[in-house]
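I opened a new page for this chain.

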Amino acid sequence: MSKIYAVGDVQGCAPSLKALVKKLPKESKMIFLGDLVNRGPDSLGALRYLKSLQESGRAECILGNHDLHLLAIDAGIRQTKGLDTVDAILKAKDRDELIDWVRNRPLALSNGKLLAVHAGVLPQWDLQQTIECAQEVERALRSKSYKTFLGNMYGNTPNQWRNSLKGYERLRVITNALTRMRFCKPNGQMEFESKEGLEKGPKGFIPWFKAPNRKTREHVIYFGHWSTLGLMRKANVVGLDTGCVWGGKLTAIEISETHKDKKSAQIIQVDGYDHPLRM
């Protein structure tokens, strides 16, 4: 059976991405945990390479907040920001093909035992509800009216899940949880500004995976998005954003067949991008 690796945030670091794939076993498969593009030196090259890996059956790629940002820029809903590196994608001859590929990527993946997301999972969601909620957003992104969804996607409210939520408010909460969340309250109220480490959240907020009654706590969750954590392996959660775009590493970790023996799982790393603005 081919080994499967979860891989942290690439963020347009095509040289690091290609170097990492060369170090992985030739028959291995990969799950990229979102933020495929942006901030790195070659977002176009990274996107084209990830697309080729997915189409060849070697990889699947989850969407992160930077990937949604690309879709919103392409749709004319957002403007590029100072650190963005997506202009080459927008000028590429295969722009439409690339954007269509991004729109058709998942926001969460599961085999019934483990779960892979970009940012986090709300404490009220069990595994099945997490996948079903992700699929709601996926359907919106793949629909003919996806630009209308993108136009209603941004905002910090509502900041808490209710099963009764409907329409764009419901989709916004799902999107924010899966692609933006780091801290929440035990009741699932989300906070979106803090980016520091585990113990530096706002008063009353905790890392999403420490919510005391989190319904996914029996499942192993692989996630990215939180570079200040570095490589983190705790009880049933594995954080893999090791700051590739900020001079850190691009990290892959083997997903074991039992999903429990994480401490002996093979870890492969390559050097990240020496960003000129990194601290």
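**Backbone notes**

I began with Gln11, which is buried at a relative accessible area of 7% (buried means under 20%, exposed over 50%, partly exposed in between, with a 1.4 Å probe and protein chains only). Its phi is near 50°, a positive value in a residue other than glycine. I placed Gln11 in the loop between β1 (4-7) and α1 (14-23).

Before going on, I noted that this is a predicted model, where local features need pLDDT of at least 70, side-chain atom pairs count only at pLDDT 80 or more, and totals for chains, interfaces and linings use all residues. Residues are numbered from 1 along each chain as its sequence is written, and side-chain values use heavy atoms, with hydrogens and water left out.

Next I looked up His225. Its phi is near 75°, again a positive value in a residue other than glycine. His225 sits in the loop between β9 (220-223) and β10 (232-234). It counts as buried, at 7% relative accessibility.

Then I checked a peptide bond. The one from Thr157 to Pro158 is cis, with omega near -10°. Pro158 lies in the loop between α7 (146-153) and α8 (167-179).

**Overall shape**

I found eight helices and 13 strands in the chain (DSSP runs numbered from the N terminus: helices are H or I of at least four residues, strands are E of at least two). The C-alpha atoms fill a box of roughly 45 × 45 × 40 Å along the principal axes. Of the 279 residues, 56% count as buried.

**The core**

Which residues have the most contacts inside the largest nonpolar core? I listed Phe32, Trp125, Leu141, Trp208, Phe209 and Phe223, in a core of 80 residues. Helix α6 (residues 127-142) gives the largest share of this core, seven residues. A second, separate core has 13 residues, including Leu114, Tyr222, Leu240 and Ile253. Such a core is a set of buried Ala, Val, Leu, Ile, Met, Phe, Trp, Tyr and Cys residues joined through side-chain atoms within 4.5 Å.

Leaving aside neighbours within four places in sequence, Phe32 is in contact with residues including Val7, Val10, Leu17, Leu50 and Cys61 (contact means heavy atoms within 4.5 Å).
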